[in-house]
Each structure stands twice: as C-alpha cells, then as structure tokens.
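Here's a quick tour for anyone opening this structure for the first time. Have a look at it, then read on.

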Amino acid sequence: MNRSDAIAPSISASGLVHGYGKGAARTPVLHQLSLQFWPGELSLMMGASGSGKSTLLAVLSGLLRPESGSVNLLDTPIWNLTERELERFRFQHCGYVFQNFNLFPALTATEQVALPLHFAGVRETQARQRAEAALDEVGLSGRMGLRPAQLSGGEKQRVAIARALIGSPKVLFADEPTSALDSANSEIVIALLQKIAKTHGATVITVTHDPRLTGHAERIIRLQDGMVIEDSRPNGTDGAALSLAAGTAATGTQHSTGNHP
Ligand SMILES: Nc1ncnc2c1ncn2[C@@H]1O[C@H](COP(=O)(O)OP(=O)(O)OP(=O)(O)O)[C@@H](O)[C@H]1O
Ligand SMILES: [Mg+2]
C-alpha cells in the first residue's frame, strides 16, 4: 500500500519556485519543487551547502513567501493567508527549532518554555506547570531553574525543543538543530525529535548535514540545486503514519513516497 493511500499528508507543497535577487543578479533556488509530508514521521532534509534546504524549510513553514507555488499545511493554503492570519496559524500549529537555540539570556529554562503560553494568555501557574512538564519530557527536570549560560549546548537545544513543543504543534520545523552540538548531544536531540514525531503524531522536518543522524529518521530527502534528487525510507520503517492507520502493511526499503511518479 502506498503511504498516500493510508493517511492524508499534513503538508502538501506543489510547484514551489523561489530565488533571491532580481534580473541578471537573480539566484534561482527552488525549481518547481513538489513534496508531501505525513504525521508521525521525522524526515531529514540533506544536501550540500547552498542546495536550498533552509529556503525550502522556510517556505514550507510559513516563514518565507515563495515566488510561486502553494503549501497546504494541515489543509490550509498558508500562502493565501494574510500576514496576520499566517502569524496566528504559525503560533497555533507550528513549532520551530534553530541551530543557535534562540534563548533569552536572562530567563530560566522554565521561563523560556512558558513564554509562548504567556503570549497566548495562559495563567502564570498553569503556564509554569505546562513548561515543567515539557522540560520533563525532554529530560531536563533537574535543570528547570537554570539560565542559558549555565546549560550545555545539548541542554540549551532541549530547552528550545521544549519551548517549541509547548503549544502542542502538529508540525515541527528544525533547521540544523544539531550543528552546534557534539555527536553525543546530536544523537540525543535527534532521538528526541523522532520521539516527538511518534508520541505526538507530529510531522517533524529537520535539515541537517550530519550523516550520523540518518539512522533516526523514517525518511531522507536529498536536495541538489533546489531539486529533490533522492527521497527514500532507508530503514524500511513505516513511521507512526502507517501504524496509526489500522491494519496497513509494512513498506519496503527505498519506499517511494509518491513524490516521484
Ligand atoms: N537572503 C538571501 N539573499 C540572497 N541569496 C540568498 C539568501 N538566502 C539564501 N541565498 C542563496 O540561496 C541559495 C540557497 O540557500 P539556502 O540557505 O537555502 O541553502 P542551504 O542548503 O540551507 O545551505 P546551508 O547548508 O549552507 O545552510 C544559496 O546560494 C544562498 O547563497
Ligand atoms: Mg541552511
């Protein structure tokens, strides 16, 4: 059975075109790119520097408007929304994790994670409790009162992941979340992202350069010059998507995702 028959995609992008600059100075980056992603899976997006990974992730996640093409995120054509609607949509449904953690130096781990809840109008006590539960989930229950300067790189990234998780996003986007980490911490972070895909049924898309992380992902997408040159399921895993769809058969290795007819 094809995955696309089993469960609806959470992200469906079609005909994406994007470049930077104008006229003769234009750098084309994405060339008519179409891709789908499903719930419960961690997908790794790989490729050489400059191949368009960050551009694609930004377009898929509502951070960068493409020149043309569409992105349906949870059945919403996000690039048809107004700026205000898009901002609200992102806040409600999307989580973001970046290479440099983006933490506030003055705030404790609990305060960093609770911050989005304060913006959403959640009361102090409840925000704190939820932040502590999220920090517990990423294995930081002993570190809640510490500020970024007192945390290791791996711990900082786990705080950032807890913060991204706090609104229970259905889609989580991570651009090079492990590139500032040593290999042991990279493993911890990628395993955590995969666990989030499974336990929350979230769609997790992670850009990475690190080939050591591929063992943790259900799906590997390789970009070259803004085009998908490989889209595979190297471990032959089903991901949560198929197991969620009761009684579906296992897929084989190098499973086609339906993106390459
Ligand atoms: N804001 C920008 N203005 C002009 N050109 C840009 C801009 N952002 C990216 N580019 C160019 O677009 C191309 C793709 O960039 P992108 O950041 O998507 O690549 P990447 O695959 O994420 O690379 P890396 O692995 O180095 O992060 C590159 O040639 C880059 O120089
Ligand atoms: Mg990049």
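In which loop does P211 lie? P211 sits in the loop between β8 (203-207) and β9 (219-224); helices (H or I, at least four residues) and strands (E, at least two) here are DSSP runs, numbered from the N terminus.

Keep in mind that this is a predicted model, where local features need pLDDT of at least 70, side-chain atom pairs count only at pLDDT 80 or more, and totals for chains, interfaces and linings use all residues. Residues are numbered from 1 along each chain as its sequence is written, while chains are lettered from A and ligands numbered from 1 in the order in which they are written.

**The whole chain**
- The protein chain comes to 8 helices and 10 strands.
- Of its 261 residues, 42% are buried, meaning that 20 or more other C-beta atoms lie within 10 Å of a residue's own; exposed means 12 or fewer, partly exposed is in between, and C-beta atoms are placed from the backbone.
- Take the contacts with a separation of 6 or more: residues 24 or more positions apart account for 70% of them. A contact means C-beta atoms, placed from the backbone, within 7 Å.

**Back to P211**
- P211 counts as exposed because it has 10 other C-beta atoms within 10 Å.
- P211 and L44 are 167 residues apart along the chain, with 9.9 Å between their C-alpha atoms.

**Around ligand 1**
- The shell around ligand 1 is Y20, G21, T27, V29, G47, S49, G50, S51, G52, K53, S54 and T55; to be near the ligand, a residue needs its C-beta atom, placed from the backbone, within 6 Å of it.
- Sorted by class, the shell has 2 nonpolar, 9 polar and 1 charged residues. Nonpolar covers Ala, Val, Leu, Ile, Met, Phe, Trp, Tyr, Cys and Pro, charged covers Asp, Glu, Lys and Arg, and the others, Gly among them, are polar.

**Helix α2**
- α2 is largely enclosed by the rest of the structure, because 6 of its 8 residues are buried.
- The buried ones are K53, T55, L56, L57, V59 and L60.
- Just after α2 comes G62, with a positive phi of about 80 degrees.

**Strands and sheets**
- Four strands form an open sheet in the order β2-β1-β4-β5, with antiparallel pairing; strands pair if DSSP finds at least two bridges between them.
- β2 and β5 (76-77) are at the edges with a single partner strand each, so one side of each has no neighbour in the sheet.
- β1 (residues 11-20) and β4 (residues 68-73) are antiparallel, with 5 bridges, and A13 has V71 as its bridge partner in β4.
- Elsewhere, β6 (residues 94-98) has 4 of its 5 residues buried.
- β6 pairs in the parallel sense with β7 (residues 171-175) over 5 bridges, and F98 stands opposite D175 in β7.

**Helix α5**
- Which residues of α5 are buried? They are A127, R130, A131, A134 and L135.
- These residues lie on the same side of α5, because they cover an arc of only 140 degrees around the axis, taken from the directions from the helix axis to the C-beta atoms.
- The face turned away from the buried side of α5 carries the exposed residues T125 and Q126.
- Cover for the buried residues of α5 includes α4 (109-119) and α6 (153-165).
- After α5 comes G139, which has a positive phi near 80 degrees.

Terms used
Two residues are in contact if their C-beta atoms, placed from the backbone, lie within 7 Å.
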